[in-house]
Amino acid sequence: MDFIDLAAQQRRIKEKIDANIQTVLKHGSYIMGPEIRDLEGKLGQYAGVSHAISCASGTDALLMALMAYGIGPGDAILTTPFTFIATAEVISLLGAVPVFIDIDPETFNISPVRLAEALTALKEGHSTRHPLPKAGGQTRLVPRGIIAVDLFGLAADYDRINTLARQHNLFVIEDAAQSFGAEYNGRKASSLADAACTSFFPAKPLGCYGDGGMCFTDDDDLAEKMRSIRVHGQGNHKYENVRIGINGRLDTLQAAVLLAKFDIFPEEIKLRQDVARRYSEGLYSQHGLRPPIVPPGYLSAWAQYSILSEDESHRETCMSFLKEARIPSAIYYPKPLHLQGAFANLGYGMGDFPVSESCAARIFSLPMHPYLRPEDQGQVIAVLSRGDQSR
Ligand SMILES: *Cc1c(COP(=O)(O)O)cnc(C)c1O
């Protein structure tokens, strides 16, 4: 059993992938070839936004979005500590300061309640109400924006997040690296905030055969800036540079692979719902394990199927039973970002974000992909029930 079975997917669309690659080899436009525009058109339309800007990775997508907003030293960006490092890394990379906000215990996404508290704390300039980072020599942190993450494929609560952002004059970036294909109140992930960023890392719901990413926005001005930043801050012609940018382009070959995969992507999102439902039904009777919660109005892209055990030793038992049965499992994420050495300068400590800390100690993820067979899932559930009984 594979944690993610990319080979099963490849078997379905091998001919199309081969043909698309051959087309690129024939026309030879390896940088910004016609497949790039084709992919941007298709994915933008799917997400329901007017601009889709492909780029070299999900990390570059986040970087380009923050650069387009002119983020730099003195700025504070509010985000979750329970995510992949890239979400907060790009903030620090630009010299700005990540302000971490604890998560909601049901969805694992940034808590709008805690977000409101943090905004008040920032306004008051002290951290009695909410743990704030050291300002890095600055007298005051100026909040500029929020990066919400759609963790494991489930959208964050954008109605409440966007409302708070408007009240405080902040922009919102949706980190949709794990949620492309998800839905929230009838809208597609990647369309839920001022700008959105997704990743085509092979293991993501829509993955290429290498690194890739995309920015989405309805804001014409922001889109133009992101397109410019993607190519060294290019102006109206190749050797005119109007701002500092990066080399952030997506390879034409990766776009060709993605076009073949996108044909079956909507069907794969449906298949993922079936897989998730079978797990949740099987796990329902096991009282020690909490299946993922999908609130009404949400459709998850199921990048991961992550469950909560009772405590760290219960998790260890479950994972060792799975390992004995040769079933892969993984922990996303074992250490929240506020406790990572990379962010030690922010001065956060254990106890600052108790929900994130508790989830990090209890969570683990089961094999998840559209081609997971019911009998394999049955085995996973049977092994986990042994773990449940042995408590
Ligand atoms: C994967 C991921 C990223 C980074 O994407 P890359 O394409 O690997 O650079 C950013 N944020 C989250 C939440 C992710 O899961």
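**View 1. The ligand takes up the space of the largest pocket.**
This close-up comes from a predicted model. The pocket that the ligand takes is the largest one. About 400 Å³ of space lies inside this pocket. A probe the size of a water molecule, rolled over the atoms, shows where empty space is left.

**View 2. The lining of the largest pocket has 24 residues.**
Five of the lining residues lie nearest the centre of the pocket: F84, Q178, F201, K204 and Y333. Two elements, α3 (58–68) and α4 (86–93), each give two or more residues to this lining. The element that gives the most is α3, with 3 residues. Sort the lining by class, and 13 residues are nonpolar. Another 8 are polar, and 3 are charged.

**View 3. A shell of 15 residues lies around the ligand.**
Which residues come nearest to the ligand? They are T59, D175, Q178, S199 and K204. In this shell, 8 residues are polar, 5 are nonpolar and 2 are charged. The largest share of the shell, 3 residues, comes from α3.

How much of the ligand does the protein bury? Taken alone, the ligand exposes 380 Å², and the protein buries 94% of that area. Among the elements, α3 and α4 give two or more residues to the shell around the ligand.

**View 4. A cis peptide bond joins Y332 and Y333.**
Omega at this bond is about 5 degrees. Where does Y333 sit? Its place is in the loop between α10 (312–324) and α11 (354–362). Y333 also belongs to the pocket lining, among the residues that lie nearest the pocket centre.

**View 5. S190 has a positive phi.**
The phi value of S190 is near 85 degrees. This residue is not a glycine, yet its phi is positive. S190 lies in a loop between two strands, β7 (187–188) and β8 (195–199).

Key:
Residues are numbered from 1 along each chain as its sequence is written. This is a predicted model: local features need pLDDT of at least 70, side-chain atom pairs count only at pLDDT 80 or more; totals for chains, interfaces and linings use all residues. Side-chain values use heavy atoms; hydrogens and water are left out. On a 1 Å grid over the protein atoms alone, a cavity is a set of points where a 1.4 Å probe fits but cannot get out, and a pocket is an open set with protein on both sides within 12 Å along at least five of seven lines; lining residues have an atom within 4 Å of a point. Grid points are joined across faces, edges and corners, and a volume is the space filled by probe spheres set on the points. Helices (H or I, at least four residues) and strands (E, at least two) are DSSP runs, numbered from the N terminus. Ala, Val, Leu, Ile, Met, Phe, Trp, Tyr, Cys and Pro count as nonpolar, Asp, Glu, Lys and Arg as charged, and the others, Gly among them, as polar. A residue is near a molecule or strand if one of its heavy atoms lies within 4 Å of it. Accessible areas come from the Shrake-Rupley method with a 1.4 Å probe; for residues, only the protein chains shown count as cover. A molecule sits in a cavity or pocket if more than half of its atoms lie within 2 Å of its grid points.
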